[in-house]
Amino acid sequence: MQVNLNRIKKLLLEYMIKNNLNVDEIFAVISKKNQTEIGPEDFTNAFKQKLPELSEEDVRDLFRAVDIDKSGRIDLNEVKLELSNVNAAMVLRELKNTKKTVEDLFKIVKQGSDDDKLMIN
């Protein structure tokens, strides 16, 4: 299931990049009523429209993965956490695949930053 989830999350991130959407905006697209939480039905309907190449099983798997607290609903923080993990993994994989240097990593991380500080926890 993990390999399948990585493929699904990668498709979602590619959709976000292609449409210039951040996590807050993708959450708004999915919730459509500015809800603070999304149920499985709204989630499934949104993905049928936005990423029709995903099967219903793919969407259910993604929903279960994003529903970190297993409440049966997902909120913006759960989406942010799940997608940031995938985004970080994709950046690291890209660095490994292209043999970029640590300096290149800092350039990637600093994009969108207003200062020269990089905080690593």
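Analyst: K70 is found in the loop between α4 and β2.

User: Why is K70 called exposed?

Analyst: The term exposed requires a relative accessible area over 50%. K70 has 58% relative accessibility, and therefore counts as exposed.

User: What makes the phi of K70 worth noting?

Analyst: Phi of K70 is near 55°, which is a positive value in a residue other than glycine. N20 also has a phi near 55°, again positive in a residue other than glycine. The place of N20 is in the loop between α1 and α2.

User: Is N20 buried or exposed, and how do you know?

Analyst: The relative accessibility of N20 is 68%. The cut-off for exposed is over 50%, so N20 counts as exposed.

User: Why is D67 called buried?

Analyst: A residue is buried if its relative accessible area is under 20%. The value for D67 is 5%, so D67 is buried. D67 lies in the loop between α4 and β2.

User: Which residues does D67 touch, leaving out those up to four places away in sequence?

Analyst: D67 touches G72, R73, I74 and E78. A contact requires heavy atoms within 4.5 Å. As for E78, its C-alpha atom is separated from that of D67 by 6.5 Å, and the two residues are 11 apart along the chain.

User: How much of the chain is buried?

Analyst: Of the 121 residues in the chain, 31% are buried. The accessible surface of the chain comes to about 8400 Å², and 52% of this surface belongs to carbon and sulfur atoms.

User: What lines the largest cavity, and how is the lining classed?

Analyst: L12, I30, F43, F47, L62, V66, V79 and L83 line the largest cavity. The elements that give two or more residues to this lining are α3 (40–50), α4 (56–66) and α5 (76–98). Leu, Ile, Phe and Val count as nonpolar, so the lining has 8 nonpolar residues, with no polar and no charged ones.

User: How is the lining of the second largest cavity divided by class?

Analyst: It has 7 nonpolar residues, no polar residues and 1 charged residue. The residues are L12, Y15, I26, I30, A46, F47, K50 and L51. Lys counts as charged, so K50 is the charged residue in this lining. Helix α3 gives the most to the lining, with 3 residues.

User: What is the confidence in the chain, and where is it lowest?

Analyst: The average pLDDT of the chain is 75, and 67% of the residues score at least 70. Confidence is lowest in helix α6 (residues 102–110), at a mean of 60, and highest in strand β2 (residues 74–75), at 92. Where pLDDT is low, the predicted coordinates should not be read in detail.

Technical notes: Residues numbered from 1 in each chain as written. Predicted model: local features only at pLDDT ≥ 70, side-chain atom pairs only at ≥ 80, totals over all residues. Heavy atoms only, no water. 1 Å grid on protein atoms, 1.4 Å probe; cavity = no way out; pocket = protein on both sides within 12 Å on 5 of 7 lines; lining within 4 Å. Helix = DSSP H or I, 4+ residues; strand = E, 2+ residues; numbered from the N terminus. pLDDT = per-residue confidence, 0-100. Buried < 20%, exposed > 50% of the residue type's maximum accessible area, 1.4 Å probe, protein only. Areas by Shrake-Rupley, 256 points an atom, 1.4 Å probe, with all protein chains shown as cover.
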